[in-house]
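User: Please examine the structure shown below and answer a series of questions on its packing and backbone geometry.
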Amino acid sequence: MFSKETYIARRKALKEKMGSGLLLFLGNNFTGMNYADNAYHFRQDSTFLYYFASDYEGLAAIIDVDNDKEIIFGNELTIDDIVWTGVQPTIKEKCERVGIETTRPMADFAAYIKNAQAKGQEIHFLPPYRAEHQVWLQDLLGINPAEQAAKASMKFVKAVISQRNYKSEEEIAQIEEAVNVSVDMHCAAMRAVRPGTTEAEIVAVVQAEAQKHNFNLSFPIIATVNGQTLHNHAYGTTPLKEGQMLLLDSGCENAMHYAGDLTTTMPVGPRFTEQQRTVCNILRRAHLTGLENIKPGIEYREVHRLVLTEIAKGMIDLGLMKGDPVEATIKGATCMFMPHGLGHMMGLDVHDMENFGEVNVGYEEGRTKSPLFGWKSLRLAKALEPGFVFSVEPGIYFIPDLIDKWRAEKQFTDFICYDKLEAWKSFGGMRGEEDYYVFEGGARRLGKYKPMSPEEIEEVRNS
C-alpha cells in the first residue's frame, strides 16, 4: 500500500469536492460459488481500496463531510475465525495505516446512517454492481434494487471519477509492474504455442506466469483460434493446427490490484501465412497511427477515427473495400472490420470505474455515445489529459454472421466489396494491444515492450 498520507490526501480532496453529506463505502465480502464456504477469490471494491486501502472482507466505511468524521466499520476476528484464517491485523491497526482514527463494530453502521437520515443529512452512495450490495442498500436506505442505479449520487460518482481518472506517479509505477508481468505472460504463450497444443494448455501457461509473482488475473483470459469472437472465454482441448492463429488477450493485476491489459495475435506454426502477415501489417500500421496521434488535448474518438481510416485504407488495398476511406469510416462501414472501440481507461479496474457507467468515465459532460454500430462501442471518447492511463487496441476481424447480415440488408454497398469478402469469412480475427499514459509533454507506453510486428512475434515464437 502507499503511505497513509496518500490516503489522507485522497479523502481530503473528496470531502472538498463533495462539500457536504454522508458518503457510503461498501466493502466486498466473500461470495460462494456453490455454497457459502466454497467462495470465489476475494477481490476488494476498487473505490474502497482507493480511499481506505484495506484489502479485507467484512468492512464498510463512511466519510461524514458535515461532521468531519471518517469511520471504518467491521467486526474483529473471533477465535473461531482465526482457527480457519489465521491471525490478521486488528481493524484498528488496518485503519491506522491509512490515517483513520475511528473504528466501530459493523452493527453500528446502519444505526449511524439512520441517525444521519433523521437529522436530514444527505446520504450519497455509488451505483452497486454486486447483488449483495443491492440487498445491503435496500436494508440501509429502503431503496428497491431496481431503482438504486438511478438513485445513486451522480455528484459522488463524478467526484470519485475526477480523482481516479488522474494517475499519480506512484500509481503509474504500480501499473507498470502489472504490465511488465503481463508482457511475460504473452511472451510465455508465444514460446509455448505449437501445432498439437490446445487453447486450454496455453491458458495454463499464461496463468502460471502471473501466479509465479503471486499476481491474479485482471480479467478472464481470452485465448482462442476464433479471434473473430471478441470476448471468447471458452477454451478448447482440440489440438491447434499449422496455419491457425491464436489470439491472446490477457493481463494481471499486481499486489495492489493495479491492472495490465495486453493482446497479441500469434501464429500456431513457426510463421504467419502470407495472408495473415498482410493483415497483421495493416493492423500494425493502424496501431502506429494511433500511437502517433496520442497527446494531451486530442479527443480519443478522433484517434479512433484515424485508426479506423487506416484500416479502411488497408481493406481498399486488399480489394475488400472501395471509395473514400474517411467517408467510409465516418458513416460506419469500416466497423465491419473493427466493431469495437480503440480502448478504455485503466487503473485499479482493467476497465477503470465502468461500474459508474462508461459514458460517465469516458465521455465529456453532456456527450453521449454514437448510435452507429461499432462507434457505439467506443468506451473512451473524450479529450486525453495528463494522468490518463488507457489501452490502445485496434483489431481486424472477419465475422461471418456480420458479413452475411450486412450483405442481405445491402448495407454500405458503396464501400464494401461483398463478392470478394466472401472468400475471407474463414480468416478469423487479429488484435494488438498496449497500455499508454499521457503526461504534459506527450504520451508513453507503460511497461516493457511486447512484440507487436509479425517479425517480432515470430522471433519470440521460435526462440
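User: Which residues in H17 meet Cys187, Met190 and Arg191 in H9?

Analyst: The model is a predicted one. The axes of H9 and helix H17 (residues 454-461) come within 7 Å. In this pair, Cys187, Met190 and Arg191 belong to H9. Their counterparts in H17 are Ile457, Val460 and Arg461.

User: Are H9 and H17 roughly parallel or roughly perpendicular to each other?

Analyst: The two axes cross at roughly 70°. Angles of 65 to 115 degrees count as roughly perpendicular. H9 and H17 are therefore roughly perpendicular.

User: How are H1 and H8 oriented to each other, and what is the handedness of the crossing in which H1 passes H8?

Analyst: The axes of helix H1 (residues 4-18) and helix H8 (residues 154-164) come within 10 Å and cross at roughly 140°. An angle over 145 degrees would count as roughly antiparallel. H1 and H8 are therefore oblique to each other. The crossing in which H1 passes H8 is right-handed.

User: Which strands stand at the edges of the five-stranded sheet?

Analyst: The open sheet has the order S6-S5-S4-S1-S7, with mixed pairing. An edge strand here pairs on one side only. The edge strands are S6 (102-104) and S7 (123-124).

User: At about what angle does the direction of Helix H5 stand to that of S1?

Analyst: Helix H5 (residues 107-118) packs on the sheet. The strands that H5 touches are S1 (22-26), S4, S5, S6 and S7. The direction of H5 makes an angle with that of S1 of about 155°.

User: What is the bridge partner of Ala60 in S5?

Analyst: Strand S4 (residues 59-64) and strand S5 (residues 69-74) run antiparallel and are joined by six bridges. In S5, Ala60 has as its bridge partner Phe73.

User: Why is one side of S9 and of S12 left without a neighbour in the sheet?

Analyst: Three strands form an open antiparallel sheet in the order S9-S10-S12. Strand S9 (222-224) and strand S12 (262-267) stand at the edges. One side of each is left without a neighbour because each has a single partner strand.

User: Is Ala53 buried or exposed?

Analyst: Ala53 is found in the loop between helix H2 (46-52) and S4, with a positive phi near 65°. Its relative accessible area is 16%, and the cut-off for burial is under 20%. Ala53 is therefore buried.

User: Is Lys410 buried or exposed?

Analyst: Lys410 lies in the loop between helix H15 (400-408) and helix H16 (418-421). Phi of Lys410 is near 55°, a positive value in a residue other than glycine. At 64% relative accessibility, Lys410 counts as exposed.

Technical notes: Residues are numbered from 1 along each chain as its sequence is written. This is a predicted model: local features need pLDDT of at least 70, side-chain atom pairs count only at pLDDT 80 or more; totals for chains, interfaces and linings use all residues. Side-chain values use heavy atoms; hydrogens and water are left out. Two strands pair if DSSP finds at least two bridges between them. Helices (H or I, at least four residues) and strands (E, at least two) are DSSP runs, numbered from the N terminus. Contact means heavy atoms within 4.5 Å. Axes are lines fitted to C-alpha atoms, for helices over the stretch in contact, and angles run from 0 to 180 degrees between N-to-C directions. Angles under 35 degrees count as roughly parallel, over 145 as roughly antiparallel, 65 to 115 as roughly perpendicular and the rest as oblique. A crossing is left-handed if the near helix is turned anticlockwise from the far one by less than a right angle, and right-handed if clockwise. Buried means under 20% relative accessible area, exposed over 50%, partly exposed in between (1.4 Å probe, protein chains only).
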